[in-house]
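Please open the model in a viewer and keep the selection panel at hand. The stops below are meant to be taken in order.

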Amino acid sequence: MSEENISLLQESQLEQLVDQLAEEGYGIINHFFSASEVDAVISRFQGLSEEGEFKKAGIGKMQNFALDKTIRGDYIRWIDPNDMTEITARYVARMKQLMEYLNRTCFLGLKDFEAHFAMYPAGTFYKRHADRFQQNAHRVISTVCYLNKNWKEKDGGQLRMFLPNNEFDIAPLSGRLVCFRSEIEHEVLITTRPRYSITGWMLDQHSSLTFL
Ligand code: OGA
Ligand code: MN
């Protein structure tokens, strides 16, 4: 991975993503990570997993926090700005670049970013929901970067999007980044193999994890 010195996104990738996001409420960059970068993230995943760093994800925040595997079955590990490997730093640098581009072109007033690694074991899913809700009103843009090599239709785990007049699925392909407005409802369909991603949210206020 170390020979790849183009560590930021190209202007044309940003432009295309942001145009689609502005017009349709969601956008995709297919080669956010190269194949070797995906390998690097997966090995980081394995390291953290061996250290017992992954925890069952909950629903809601603080007093409303609940663990309910009939709603979501993933295991997560938050990315800590003080504890970053080269590949995590590369991910964060690109997300910041995207945030700055969005602020410049769409005046979204994004101030911070929070992200976690996520793993869905075979047989799990995340039921229809929105990421911006009463107790979590500061998420403006949701992002998911997928890390599933050789993904096939039968593997499942697609991201189902519920736009006002359009319902469709996005395959969780390796290296692909999907962004959408956080109030849009979406769902993770049941996966038949372990499903890996990094999920991140751009916020309109500073978070406790402060990257900016
Ligand atoms: C989430 C989520 C979508 C995905 O973590 O809130 O909806 O495709 N993830 O992983
Ligand atoms: Mn979500």
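Predicted model: local features only at pLDDT ≥ 70, side-chain atom pairs only at ≥ 80, totals over all residues.

The tour goes from the ligand to the metal ion and then to the salt bridges.

Some conventions apply throughout: residues are numbered from 1 along each chain as its sequence is written, and chains are lettered from A and ligands numbered from 1 in the order in which they are written.

**Stop 1: ligand 1**

The shell comprises Tyr-126, His-129, Asp-131, Val-144, Tyr-146, Leu-159, His-186, Val-188, Arg-195, Thr-199 and Trp-201. By class, six of these residues are nonpolar, three polar and two charged (Ala, Val, Leu, Ile, Met, Phe, Trp, Tyr, Cys and Pro count as nonpolar, Asp, Glu, Lys and Arg as charged, and the others, Gly among them, as polar).

Next, display the polar contacts, which are pairs of N or O atoms within 3.5 Å; within protein, one atom must be able to donate a hydrogen and the other to accept it, and residues adjacent in sequence count only if both atoms are side-chain atoms. A polar side-chain atom of Arg-195 is 2.7 Å from an oxygen atom of ligand 1. For His-186, the distance from a side-chain N or O atom to an oxygen atom of ligand 1 is 2.9 Å, and for a polar side-chain atom of His-129 it is 3.2 Å. Ligand 1 alone exposes 290 Å², of which the protein buries 98% (Shrake-Rupley method, 1.4 Å probe; for residues, only the protein chains shown count as cover).

Colour the model by secondary structure, with helices (H or I, at least four residues) and strands (E, at least two) taken as DSSP runs numbered from the N terminus. Two or more shell residues come from each of β5 (126-129), β6 (139-146), β10 (185-188) and β11 (195-203). Which element gives the largest share of the shell around ligand 1? That element is β11, with three residues.

**Stop 2: the manganese ion**

Select ligand 2, the manganese ion, coordinated by His-129 (NE2), Asp-131 (OD) and His-186 (NE2) at 2.1 to 2.2 Å. Donors are N, O and S atoms within 2.8 Å of the metal (3.2 Å for Na, K and Ca); water is not among the atoms, so sites may look incomplete. The donor residues follow the spacing H-x1-D-x54-H in sequence. Asp-131 lies in the loop between β5 and β6 and His-186 in strand β10, so this pair ties together parts 55 residues apart in sequence. Both Asp-131 and His-186 are buried (buried is under 20% relative accessible area, exposed over 50%, partly exposed in between; 1.4 Å probe, protein chains only).

**Stop 3: salt bridges**

The structure holds 13 salt bridges, each a side-chain nitrogen of Lys or Arg within 4 Å of a carboxyl oxygen of Asp or Glu.

Select Lys-149 and Asp-39, whose side chains form a salt bridge with an N to O distance of 2.6 Å. Lys-149 is in the loop between β6 and β7 (159-163) and Asp-39 in helix α2 (residues 35-50), 110 residues apart.

Then select Arg-128 and Glu-185, another salt bridge at 2.6 Å, N to O. This pair links strand β5 to strand β10 across 57 residues. Arg-128 is partly exposed at 46% relative accessibility, and Glu-185 is partly exposed at 33%.

Finally, select Asp-155 and Lys-154, which meet in a salt bridge at 3.4 Å, N to O. Asp-155 is buried at 5% relative accessible area, whereas Lys-154 is exposed at 65%.

Conventions:
Heavy atoms only, no water. Near = heavy atom within 4 Å.
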